[in-house]
Amino acid sequence: MSPRVIAIVILVVVVGFIGTMASVQYFVRDPLPIIGANQMLHKRTRAIDPPIALQIAIDGGYRVDVQFQHPGNAPPEVSLRPTDGSAITLDMQSTSDTHMVANGQLTRPGRWDLTVSAPGVSETFQFIVRE
């Protein structure tokens, strides 16, 4: 084979690889965040106005703490459940007029849904808990 053919083949392979890697964002639009033990995840509501800031923290024993900062009118309701299961019990504590903490025990790794409900509006955040 001539050096020209080898160079063209290598060029096509390199450009094809670059094109494949660049096109991944068109196939995977909004991947779910993955959170493990001793990690935190920060989110902010979009459907609820004014926005509510959320922080989800998981410790080494898979206890979860959901802290949220709300505008102060009426505290939102928070529900945490596996995607295909029932909600876990969350102990709600108010630390100030606009700050609340919900504590609970995760039952398994996998996909979870955190639902935040304000009067008339509800928003669900999905995330994955890894082992």
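The model is predicted; local features need pLDDT of at least 70, side-chain atom pairs count only at pLDDT 80 or more, and totals for chains, interfaces and linings use all residues. Residues are numbered from 1 along each chain as its sequence is written, and side-chain values use heavy atoms, with hydrogens and water left out.

**Confidence**
- The chain averages a pLDDT (the predictor's confidence in each residue, from 0 to 100) of 89.
- 99% of the residues score at least 70.
- Among the elements, helix H1 (residues 3-22) has the highest mean pLDDT, 93. Helix H2 (residues 24-27) has the lowest, 79.
- Helices (H or I, at least four residues) and strands (E, at least two) are DSSP runs, numbered from the N terminus.

**Asn103 and strand S7**
- Asn103 lies in strand S7 (residues 99-105).
- Asn103 counts as buried because its relative accessibility is 13%. Buried means under 20% relative accessible area, exposed over 50%, partly exposed in between (1.4 Å probe, protein chains only).
- Of the 7 residues of S7, 6 are buried, so S7 is largely enclosed by the rest of the structure.
- Beyond its neighbours within four places in sequence, Asn103 is in contact (heavy atoms within 4.5 Å) with Arg63, Val64, Asp65, Thr89, Leu90, Asp91 and Gln93.

**Strand partners of S7**
- Strand S4 (residues 63-69) runs antiparallel to S7, joined by 7 bridges. Two strands pair if DSSP finds at least two bridges between them.
- Arg63 stands opposite Gln105 in S7.
- Strand S6 (residues 91-94) pairs with S7 in the antiparallel sense over 4 bridges. Gln93 has Val101 of S7 as its bridge partner.
- S6 and S7 form a hairpin, with 4 residues between them.

**Nonpolar core**
- The largest nonpolar core has 24 residues. Such a core is a set of buried Ala, Val, Leu, Ile, Met, Phe, Trp, Tyr and Cys residues joined through side-chain atoms within 4.5 Å.
- Strand S8 (110-118) gives the largest share of this core, 4 residues.
- Val64 is among the residues with the most contacts inside the core. Val64 also touches Asn103, as well as residues including Ile56, Leu80 and Leu106.

**Largest pocket**
- Residues lining the largest pocket include Asp30, Pro31, Lys43, Arg44, Glu123 and Phe125.
- Strand S2 (39-44) and S9 each give two or more residues to the lining. S9 gives the largest share, 4 residues.
- A pocket is an open set of points on a 1 Å grid over the protein atoms alone, where a 1.4 Å probe fits, with protein on both sides within 12 Å along at least five of seven lines; lining residues have an atom within 4 Å of a point.
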